[in-house]
Amino acid sequence: MTSRQPSDSSRRLLPTSTAGSLPKPTWLAEPEKLWSPWKLDGDALIEGKQDALRISAHEQESAGIDILSDGEQTRQHFVTTFIEHLSGVDFENRETVRIRDRYDASVPTVVGAVGREKPVFVDDARFLRAQTDRPIKWALPGPMTMIDTLADRHYGSREKLAWEFAGILNEEAKELEAAGVDIIQFDEPSFNVFFDEVQDWGVAALERAAEGLQAETAVHICYGYGIAANTDWKATLGAEWRQYEKTFPMIRESSIDIVSLECQHSHVPMDLIELIRGKKVMLGAIDVASTAVESADEVADVLRKALEFVDPELLIPSTNCGMAPLSREVAQGKLAALSAGADILRRELAPAVESV
């Protein structure tokens, strides 16, 4: 199958996208469950992943999504699936660590110098590129979130290991770009937790991961999937969630092009978006912690309020986070609502845009 190039017609005002994962087909993995094991193996798994990518692209297009993602159809976990392809990491020698100061998990251990011996997601990205002429986005784990999902018995320094990962991510990102990916996204939920490290070296390591790319770059900072560990943490944050207030000023000064953030049904004050004025904003207008499908008007209302703090040409309506734990029916309904809400705003903005 020949590779298709993205069409200019798909680059329009308020282009819609998703933050991350989408539900997998039931024949590939157990539905409505995070990090579910594969039901296939060997060549059947490779074919199954490609079929899932093809279906996911079609379903996103059918729902009116403008910037397509892979929906993490080829990944079990947004961090460890990348790490398991690297040398220097032992998945048999596991340890229990505290993830983002929130919950304990059994994780692999760094036992030697980490390295990337071959591309990880490039073939998958090339396959997705061949399925659509719309822009495509690919997510990679950010350096800080990678080190927070491991036990380290080699480097003895979170910063040193993060810089090693940043270089590895940069290698992968450049090959993804060559495969036709338009936006490279780095997932950094750790930016909402480790504020001193974000300031000291986190943003710099992120920029190293994105260094030299011609594709647009994004950083996704959310409050996590709708699992108990995250919802319990959110319940302790009070009436306003102001974590972005600490990181946005640093990101505004960075070389990253797009900031992906959580908004719908959260307690994030909308005016915090002012802190990244000038950046593109991938605004979470879909709640992934609820099975209730938003109405188009609800989505439009969130987007409308955001326009006080971000210019229309810089706004990308999106989801708060990934939707892997939801049913395919609910996820498809939410994507359609996102598209319909963006359409409402486009119609409202059309006279102003045409007059410019």
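The legends below describe close-up views of a sheet and the helices packed on it in a predicted model.

Local features in this model need pLDDT of at least 70, side-chain atom pairs count only at pLDDT 80 or more, and totals for chains, interfaces and linings use all residues. Residues are numbered from 1 along each chain as its sequence is written, and side-chain values use heavy atoms, with hydrogens and water left out.

View 1. Strands (E, at least two residues) and helices (H or I, at least four) are DSSP runs numbered from the N terminus; two strands pair if DSSP finds at least two bridges between them.

**View 2. Strand 9 (residues 280–284) runs parallel to strand 10.** Four bridges join the two strands. Met282 stands opposite Ile316 in strand 10.

View 3. Axes are lines fitted to C-alpha atoms, for helices over the stretch in contact (heavy atoms within 4.5 Å), and angles run from 0 to 180 degrees between N-to-C directions.

**View 4. Helix 1 (residues 42–62) and helix 3 cross at roughly 40°, their axes coming within 10 Å.** Gln50, Leu53, Arg54 and Ala57 in helix 1 meet Asp124, Phe127 and Leu128 in helix 3.
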